[in-house]
Structures are given as structure tokens and as C-alpha cells.
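I opened my notebook to jot down what I looked up in this model.

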Amino acid sequence: MSAQTEIHAPSPAAQPDGPVGDEAPRIVPVRRTGQWAAAVAVLLLLAGVLVSVVRNDAFQWDVVGRYLTTESVLRGLGLTLWLTGLVMVLGFALGTLLAVFRLSGNPVLQAVSWGYIWLFRSTPILVQLLFWFNIGALYPQILGVNTVNLLSPIAVAVIGLTLHEAAYAAEVVRGGILSVERGQLEAAQSLGLGPWRRLRRIVLPQAMRSIVPPAGNMLIGTLKGTSIVSIIAVQDLLYSVQLVYHRTYEVIPLLLVATLWYAVVTSLLSVGQYYVERHYARGTAGAR
């Protein structure tokens with residue numbers, strides 16, 4: 001006699017509670033009341049600060065508008081931009097050479113590059129400028145040339161800022177070169193490319209993805225850092241407004257004039273940096 005198995009359907013009372021059929025559960029977003037409250041508080045605080053700045057008569061916005069585009073201020077702004085561009089070009093040219101020395105197999109070149117970077121990163125830029133400004137007191141003659149009045153304040157500013165910039169640019173370039181995969185160099189060597197051609201055609205184009213972001217920050221820092229040359233009477237933007245408020249005693253509005261111009265130029269440089277970074281980031285996951 002064969003065994004028989006009976007199959008009983010579950011009773012309705014035994015079925016689990018839940019959605020009927022294919023009905024999906026409704027997703028309720030989490031209420032972020034605290035975040036919205038914090039955002040509103042921050043906006044109200046910013047609005048209060050903005051209103052206080054605009055309505056505070058001590059800022060003398062009419063004086064700011066009067067001096068914002070005067071000839072002396074624009075001339076100082078032009079010198080600041082020229083000095084920034086020249087220092088960046090010369091600084092990165094020297095910095096690239098120092099980075100190559102640092103990565104070379106020659107221990108003498110490595111030591112010279114390391115010593116240069118250590119010295120100029122260890123000394124405040126103001127001290128360096130004052131040393132160059134007083135070079136005539138240290139060395140009255142160099143190779144028979146009288147150095148007392150040899151360097152003008154602008155020449156001192158260019159030399160001091162360039163040598164200082166090169167020390168930081170060398171580390172930026174070195175980091176960019178080290179970011180290039182070793183296989184790229186091996187492939188270039190297998191094609192018979194020389195060292196300088198490998199550097200120019202293979203390494204630096206790929207290293208630019210890592211070089212551009214810190215270089216952009218250095219450019220903005222150099223723009224603002226040029227204001228230190230006012231200490232040696234170079235008529236940059238800050239020195240130009242100082243000449244005015246020493247005569248008129250309108251210190252706050254003239255400082256606002258310089259602040260506004262620095263903010264405008266810095267914003268334009270930041271926009272340019274964004275597009276340059278996007279250009280060199282093409283084909284990567286982080287490209288936007």
C-alpha cells in the first residue's frame with residue numbers, strides 16, 4: 001500500500017501581514033529640520049553682517065567709489081599684476097630645474113637642490129627682501145661692479161620673490177613628476193627618447209594634472225604676497241593706496257579699495273584655474 005501525502009493550503013489567518021500583491025512600500029524622506037534651521041540662521045546672520053557693512057558710515061563707501069578707479073590706484077594694480085605674472089613664470093622655470101635636479105641620480109645636484117629649497121623655505125620672505133635690498137652693505141663690490149645702487153626696488157622685488165617662489169614651485173613640480181606612472185617612463189625609454197625629451201613630451205604633460213591645482217593656489221598667494229614689496233617702496237597696489245591715505249587720512253576706505261581689487265583679481269584667477277584644471281583632467285574620473 002503506497003503512502004499518500006496530503007497538502008493543505010494555509011488558512012487566511014496564518015498568512016503574514018504586509019503589502020498585498022506587487023504594491024511597493026512608500027518611502028518617506030527624513031525630515032531634516034535641524035539642517036534647515038541652521039541654514040536659515042546662517043543666512044540671517046550673513047544678511048545682518050551685509051546690512052551693517054553697507055549702512056555703516058565709517059566705511060565711507062562714497063570715498064571708496066571715488067578712489068577705486070583713480071590713475072594712481074590703477075597704475076599700482078598694473079604693477080601688481082605684472083610683478084605676479086613675472087614672478088610666477090621665472091619662479092616655475094627655476095623651480096622645474098630644481099625639481100629635475102632633485103630627482104636626478106647625481107648626488108651633487110640632489111644636494112644643491114635640497115639645500116636651496118631648505119634655505120628659501122626656512123627664511124621669511126620679508127627677511128629675504130631686506131637682505132637683497134641691503135646687498136650693497138653686504139657686498140659693496142661684486143666682480144668689480146659697485147652694488148650700492150645697482151638694484152632698484154623693483155629689481156629687488158623680482159629677485160626676492162622669484163627665488164622664494166622657486167623653492168615652493170620645485171616641490172610642486174617634483175610632486176607632479178612623481179605622480180606619473182613608472183610604466184610611462186619605461187615606454188618612452190623603449191622608444192629611444194632622450195631624458196629631456198621624455199621630460200618635455202611625456203612626463204610634464206601628464207604631471208600637469210597634479211601640478212595645476214597647487215600652482216593655481218600659488219598664483220593667488222603670489223598675487224596677495226606681492227603686497228609685501230610695499231615695505232621697500234615698490235609702488236604696487238597696496239603702496240599706492242598707502243600714499244593716498246597718508247595724505248588724506250582716509251585709511252579705512254582706501255584699504256577697502258585695495259581689498260576690492262584683490263578680491264576681483266583673485267576671483268578671476270580662480271575661474272581661470274577651474275577651466276585649466278578641467279582641461280588637464282580630460283579623460284579622468286574626476287573631470288567635470
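**Helix α11.** I began with helix α11, residues 251-280, in this predicted model.

**From A258 to Y239.** Y239 and A258 are 19 residues apart in sequence, and their C-alpha atoms are 9.5 Å apart in space. Y239 itself belongs to helix α10, residues 237-248. What does Y239 touch, once I skip its neighbours within four places in sequence? I found S230, A233 and V234.

**T84.** Then I went to helix α3, residues 71-103, where T84 sits. Is T84 buried or exposed? Its relative accessible area is 4%, so T84 counts as buried. Leaving out residues up to four places away in sequence, T84 touches L219, T222, L223 and T226.

**Aromatic pairs.** I searched the whole structure and got four aromatic pairs. One of them is W114 with W118: the ring centres are 6.4 Å apart and the planes are at 5°, so I wrote this pair down as stacked. Both tryptophans lie in helix α4, residues 107-122, four residues apart, which is about one turn of the helix. I also checked how open W114 is, and with a relative accessible area of 48% it is partly exposed.

**A nonpolar patch.** On the surface I noted a nonpolar patch formed by V127, F131, L138, Y139, I142 and L143. Together they have about 650 Å² of accessible area. I looked up Y139 separately, and it lies in the loop between α6 (135-138) and β1 (141-142).

**The whole chain.** Last, I zoomed out. The protein chain has 11 helices and two strands, and along the sequence they follow the pattern α-α-α-α-α-α-β-β-α-α-α-α-α. How many of the 288 residues count as buried? I got 30%. The accessible surface of the chain comes to about 19,000 Å², and 64% of that belongs to carbon and sulfur atoms. Finally, I took the contacts between residues at least 6 apart in sequence: 75% of these join residues at least 24 apart.

Notes. Residues numbered from 1 in each chain as written. Predicted model: local features only at pLDDT ≥ 70, side-chain atom pairs only at ≥ 80, totals over all residues. Heavy atoms only, no water. Contact = heavy atoms within 4.5 Å. Phe/Tyr/Trp six-rings, centres within 6.5 Å; stacked < 30°, edge-to-face > 60°. Buried < 20%, exposed > 50% of the residue type's maximum accessible area, 1.4 Å probe, protein only. Patch = residues over 30% accessible without salt bridge, like charges linked within 9 Å, V, L, I, M, F, W, Y side chains within 5 Å. Areas by Shrake-Rupley, 256 points an atom, 1.4 Å probe, with all protein chains shown as cover. Salt bridge = Lys/Arg side-chain N within 4 Å of Asp/Glu carboxyl O. Expected span 1.5 Å × (residues − 1).
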